[in-house]
Amino acid sequence: MADVVKFAKPAGFFDTFVRRPGPIKKNMHYCPGCGHGILHKLIAEAMADFKIKDHTVLIAPVGCAVFAYYYFDCYGVSSPHGRAPAIATAISRTNPDDVVISYQGDGDLASIGFNHILQAANRGENMTVFFVNNAIYGMTGGQMAPTTLPGQVTQTSPWGRSVEETGYPIKVCEMISQFEAPVYVERCALSTVPNIMKARNAVRKAIQNSMNKKGFSLVEFLSGCPVNLKMNAEQMNAFLNEKMTKFFPLGVYKDVADERAPVHHPVPTFDREKVIETLYPQAFDHAVEDNFRYKSPVFQKECKVKISGFGGQGVLSLGHVMAVMGKLRNFNVSWLPSYGPEMRGGTANCSVVFSHKHVGSPQADYNCDLMICMNQPSVDKFLGQLSPKGVLVYDASTISNPPTGPEQTVYGIRASDIAAEMGNQKMANSVILGAVIQMMQECLMNEDEKDDLDRAVEAALNESFASKPELAA
Amino acid sequence: MKRTNKILLKGNEAVVYGALLAGCECYFGYPITPASEIAHTAARLFPKLGRIFIQAECEIASINMVLGASAAGRRAMTASSGLGISLKQEGVSYIAGSELPAVIIDVMRGGPGLGNIAPEQADYNQIVKGGGHGSYKCIVLAPGSVQEMCDLTVLAFDLADKYRTPVYVLTDGMIGQMMEKLELPEPKGRRPLPEWALNRECPKANCIASIYLDTGDLEKVNIRLNKKYDEIKKNEQRAEEYHMEDAEYAFVAYGISSRMARTAVDELRSEGMKIGLIRPQTLFPFPADALNRAVDRGVKEFFCVEMSNGQMIDDVKLSIECRRPVTLINRMGGNVPSVEEIIQAVKAKLGVK
Ligand SMILES: Cc1ncc(C[n+]2csc(CCOP(=O)(O)OP(=O)(O)O)c2C)c(N)n1
Ligand code: SF4
Ligand SMILES: [Mg+2]
């Protein structure tokens, strides 16, 4: 059988449309006279001429071009409706040397996915957007698009688009060109031969910008949908040239590619040493062997600590230092802060639980072993959660006579006053920490462990403030 | 400088450490309490290793960025909380349908609607049962500690690759905000490009889509997907059992409520009650085998501790085919059931003083 080649298919297309299921492998699914078909040829030709087929990724939209990836001899991905710019963003970052094309219709780009295109344009992603404006939802059978002209009859504007109710056609090029980042924005029409030649140049220019990593380019194509607009070829061209261009003037809206330096993307590293240096913390001095355990009886069972006060008193950081101490001495520790609006009310609290076993509930909300209260509301709210034999440490500058039980041990420290005398109101938490440490050393710890506790505190302070400078609350 | 792998981190931070150590290359997210520390930590650490961090315009964009990066053959993740996850569902369904790996972290907060930012577990149904359109499932991992926030994130990437499917790490505001000591795992190198990826090193015939107009074709895809889910059910059930050896009663709880239940086990055992805890670490697949073993070993009754209106309890009952009574102990609205509440509920149900 002799090959009959009438018009050569551009080499950017597959010779046979192998991705297309079913028996039809040579033809596209577009209706005769459809703008999508014309634009596809211009793109395919440019892809072949620029020899970029092996490093182009085409993102197909939801719309009549949903199967665009059947035809182009490059990598293809099908996007949810309107989301192509987000997918293109990711691929332009992961494949910085590739040409990434987001192909979209007017419903896809200017309605459901409008935010995505604006944001990708504003970020200046290195991608090319081909935007087919046919003033209609083609695929779903001819409903009103954001670009439908005033008075235009569609399935959902059966008496003509009313600008009072639905506004005016959205002008995408005019909007996108207002952003700083995009480098090239042009509107063309897929109508007469001279217009199509201009469109051909625009396609090439946009793709070249991507190849040169110049950033974001968008070309809009006024495009025919003769089926849904119920027009013949002549009427269709007249509609594009006379009606659509009134609302959508053709021309270059922005072209600053020559002035822009190529966008730069970092190279990821997986080097073991570099990853460890970045993620593993510094090993502080005063560490102990993994099997080290304090022998004092107080540490042999789970220990629950609750710390509470005003935001800004250092309640969370005090808890954090204690948690770091626990970590450094091989306890399992949990530190649980109050967060969010609870904090905005001006109060803060945290629970710290130490155990040589697995920590169960991280919430110190009953039978607490140690309670630190830095203001009166904390006493009122939490004192009931202290164990009958627990220890209360409170700021005696702000709290008077907390109603403790007969077997509870109570230490009132004039922490705020002492801190103020030292010249820094924010030191009240350190004063309390000092008191707690001294209390532990004097009342709870074995003789030979006291010095180690000092070392642990010092290391914990270093580590806590090195790693968590933001824990001021 | 000497380095150690022992570190004190918030659960949310541990997710990012796990992700980077697993070789994740891309983070895409949108701020939301109580998940934001994941974005903060990712913004700080991903660029330090030359990896990609984008604050997307919304959750819909972030999940589609994950789709794009994953299609390009790179390990990618996103994180959010309930309402943001609701927005992602369209994208997750596409990812499942396109058979792409992806890791999604849901740090649950109170719902419905804007709800509040306190911890809840009421996204269970939308995460475990599919959530978006179509007959698909995601693997769902449920960390019970900060260590597991890290470790299960690593596992999530491996399972996502193994089964080419989205994997959720389903956690809550409290585990996200809480700090614990953990051991960081060894860093993994770059995951080699899968042969289906959109990358010039892979075959050019590669394309990623989930559209099959032919009903026969689409049914075949569905059958294949569901075979995959059966395979996952068989291979990937994970649960931690605590004092189940001689248990006559058992709590079933995951995430933060399992921590309260665990302490309740200790307290009730100290009073002589033979009770244990089954803590699902996978919610899909649900650890039905562990539950059925418990029934066979003589557990008389289960107590399901949940911070929702009782969403997991359905899976408990289905798994054991209602062979034992299952009682719900729950709080909603962002309240965490206290150990005392849990103990009281058990005693009340069993008529114990
Ligand atoms: C989330 C979602 N909503 C609605 C649809 C239905 N839908 C498919 S295509 C389309 C409109 C496409 O119009 P346009 O982007 O202008 O493309 P055209 O077909 O005109 O080229 C719609 C609404 C969908 N696929 N997904
Ligand atoms: S319906 Fe319109 S847009 Fe769609 S293929 Fe036919 S002519 Fe083209
Ligand atoms: Mg259209």
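Predicted model: local features only at pLDDT ≥ 70, side-chain atom pairs only at ≥ 80, totals over all residues.
Residues are numbered from 1 along each chain as its sequence is written, chains are lettered from A and ligands numbered from 1 in the order in which they are written, and side-chain values use heavy atoms, without hydrogens and water.

Select ligand 1 and display the residues around it (a heavy atom within 4 Å). Of these 17 residues, A:His36, A:Cys64, A:Asp106, A:Asp108 and A:Gly138 come nearest. Because residues from chains A and B surround ligand 1, the site is shared between chains.

Next, select helix α3 of chain A, residues 106–112, which supplies the largest share of this shell, 4 residues; helices are DSSP runs of H or I with at least four residues, numbered from the N terminus. By class, the shell of ligand 1 holds 6 nonpolar, 8 polar and 3 charged residues. Here Ala, Val, Leu, Ile, Met, Phe, Trp, Tyr, Cys and Pro count as nonpolar, Asp, Glu, Lys and Arg as charged, and the others, Gly among them, as polar.

Now show the side chains of A:Asp106, A:His36 and A:Asn134. A polar atom of the A:Asp106 side chain lies 2.2 Å from an oxygen atom of ligand 1. For A:His36 the corresponding distance to a ligand 1 oxygen atom is 2.8 Å, and for an N or O atom in the A:Asn134 side chain 3.1 Å.

Key: Polar contact = N/O pair within 3.5 Å; in protein donor to acceptor, adjacent residues only side chain to side chain. Helix = DSSP H or I, 4+ residues; strand = E, 2+ residues; numbered from the N terminus.
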